[in-house]
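The following exercises are to be worked through with the sequence and the three-dimensional structure at hand. Each task is followed by a solution in steps.

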Amino acid sequence: MMIKRTLSVIGFLLAACLLFPAKAQKEVRVWAEFDTSGWIGDALELRLFCQSDAPEKVNFPVLQDRISDDLQLIPEDSLRSSLSSDAASGIAVRKTAYRFSAYKEGAYTMPAFHFEFVRNDSLLQVSTDTGLVRFFAPVVDTVQPIKDIRATFEVSRKELWGEYFERYGFWLWIVLGIALLTAAGIFLWKRFRQGKPLFVPQKPPVPPVDRAIADLNSLKEKQLWQQNRIKEYYTELTDILRVYLAKGMDIAAIEMTNDELSAALREHLSGTPGHLAALLSVLDRSVLVKFAKVLPAPDEHEDSFKKVSDFLTYRKQEETKPLEPSENPKP
């Protein structure tokens with residue numbers, strides 16, 4: 001008798017655990033409310049609700065320009081959201097409101113809106129019910145003066161300025177042009193009275209080889225490798241070389257890999273094998289420093305600098321060399 005009673009109690013407890021879990025998940029409930037009728041052009045309101053123990057984890061539908069082909073969102077009314085919760089039950093309700101309108105008379109379907117959330121590692125979706133909204137056209141009395149279809153609403157300063165500029169923008173540009181011409185005339189007149197040139201001549205552009213030599217001298221003054229900043233030293237040294245090759249010799253050296261640049265140098269410097277071999281050795285040494293973390297000896301740092309410097313000096317001499325007269329000048 002005692003054994004039967006004990007088994008009955010155990011069975012009851014197991015059944016209770018199966019039927020009443022310790023912590024049941026609360027379901028997600030969504031619904032939509034909206035104004036069901038109005039005049040064409042009226043601003044009606046759509047409200048989307050989500051009731052859950054964690055509504056912030058539920059993805060609301062994203063509405064941008066329109067709800068459907070016939071129901072358009074009003075751009076001057078931005079998205080408005082609110083959240084209310086019950087501390088006792090732990091249930092919260094999140095609301096998102098929009099304003100919409102239609103500009104043709106008729107009855108239109110309010111579509112179902114889909115909400116998504118993750119539960120038990122699964123993406124679930126719940127939807128609202130569809131509905132019907134009707135827009136009426138006002139009855140026009142030709143005897144009475146025409147009234148506004150839409151109710152009055154406040155207009156921001158930004159919208160007012162946009163409307164003024166759209167209406168009077170042409171004349172504003174003319175006034176602005178006259179003001180600029182007047183200011184330029186006064187400026188030139190003052191410079192003329194002071195005996196100054198009306199226009200300051202522009203400085204001639206610095207040749208790429210001169211810029212590269214100046215950058216090379218600046219690198220030498222930094223004394224990077226003397227401060228054990230070896231990687232930075234080789235990075236700046238090869239960058240100076242790449243920039244000159246791009247601007248002075250029309251080689252797309254800045255975007256090239258080391259192998260591509262080596263191939264391009266073999267093509268363009270085939271007539272000067274000494275400079276070709278020197279630059280290839282500098283590029284190979286820089287790759288070892290940057291990626292293999294090899295530390296060359298101090299005399300190798302000076303050797304790399306000298307090879308790039310000799311190449312730039314050679315290029316400057318070639319670019320400034322006067323053109324030789326033609327062997328067979330024209331009569």
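**Exercise 1. The largest nonpolar core**

Which residues of the largest nonpolar core touch the most other members?

Solution. 

Step 1. The conventions come first. This is a predicted model, in which local features need pLDDT of at least 70, side-chain atom pairs count only at pLDDT 80 or more, and totals for chains, interfaces and linings use all residues. Residues are numbered from 1 along each chain as its sequence is written, and side-chain values use heavy atoms, with hydrogens and water left out.

Step 2. A nonpolar core is a set of buried Ala, Val, Leu, Ile, Met, Phe, Trp, Tyr and Cys residues joined through side-chain atoms within 4.5 Å. Buried means under 20% relative accessible area, exposed means over 50%, and partly exposed lies in between (1.4 Å probe, protein chains only).

Step 3. The largest core holds 31 residues, and those touching the most other members are Tyr 233, Leu 237, Tyr 244, Leu 245, Leu 265 and Phe 311.

Step 4. At least two residues of this core come from each of H3, H4, helix H5 (258-268), H6 and helix H7 (298-320). Helices here are DSSP runs (H or I, at least four residues), strands are runs of E of at least two, and both are numbered from the N terminus. H4 gives the largest share of the core, eight residues.

Step 5. Another core, of 24 residues, lies apart from this one, and includes Cys 50, Val 58, Phe 115 and Val 133. As a general background, nonpolar side chains tend to be buried together in soluble globular proteins.

**Exercise 2. Two packed helices**

Describe how H4 and H6 pack against each other.

Solution. 

Step 1. Two packed helices are described by the angle between their axes and the distance between the axes. The axes are lines fitted to C-alpha atoms, for helices over the stretch in contact, and angles run from 0 to 180 degrees between N-to-C directions.

Step 2. Helix H4 (residues 230-248) and helix H6 (residues 273-291) have axes 9 Å apart, at an angle of about 145°.

Step 3. From H4 the contact involves Ile 230, Lys 231, Tyr 234, Thr 235, Leu 237, Thr 238 and Leu 241, while H6 brings Leu 279, Val 282, Leu 283, Arg 285, Ser 286, Val 289 and Lys 290.

Step 4. These contact residues comprise eight nonpolar, three polar and three charged. Here Ala, Val, Leu, Ile, Met, Phe, Trp, Tyr, Cys and Pro count as nonpolar, Asp, Glu, Lys and Arg as charged, and the others, Gly among them, as polar.

**Exercise 3. Two residues on neighbouring topics**

Is Ser 262 buried or exposed?

Solution. 

Step 1. Ser 262 belongs to helix H5. Ser 262 counts as buried because its relative accessibility is 7%.

Step 2. Ala 277, in helix H6, is 15 residues from Ser 262 in sequence and 9.9 Å from it in space, C-alpha to C-alpha. Ala 277 is partly exposed, with a relative accessible area of 46%.

**Exercise 4. Positive phi values**

Where are Asp 121 and Gln 223 placed?

Solution. 

Step 1. Most residues other than glycine have a negative phi.

Step 2. Asp 121 has a positive phi, near 60°, and lies in the loop between strand S8 (114-119) and strand S9 (122-127). Its relative accessible area is 80%, so Asp 121 is exposed.

Step 3. Gln 223 also has a positive phi, near 55°, and lies in the loop between helix H3 (208-222) and H4. Gln 223 counts as partly exposed, at 44% relative accessibility.

**Exercise 5. Confidence in the model**

What is the average pLDDT of the protein?

Solution. 

Step 1. pLDDT is the predictor's confidence in each residue, from 0 to 100.

Step 2. The average is 83, and 84% of the residues score at least 70.

Step 3. Residues 13-24 have a pLDDT below 50, and this stretch has zero contacts in the model beyond near neighbours in sequence.

Technical notes. Contact = heavy atoms within 4.5 Å.
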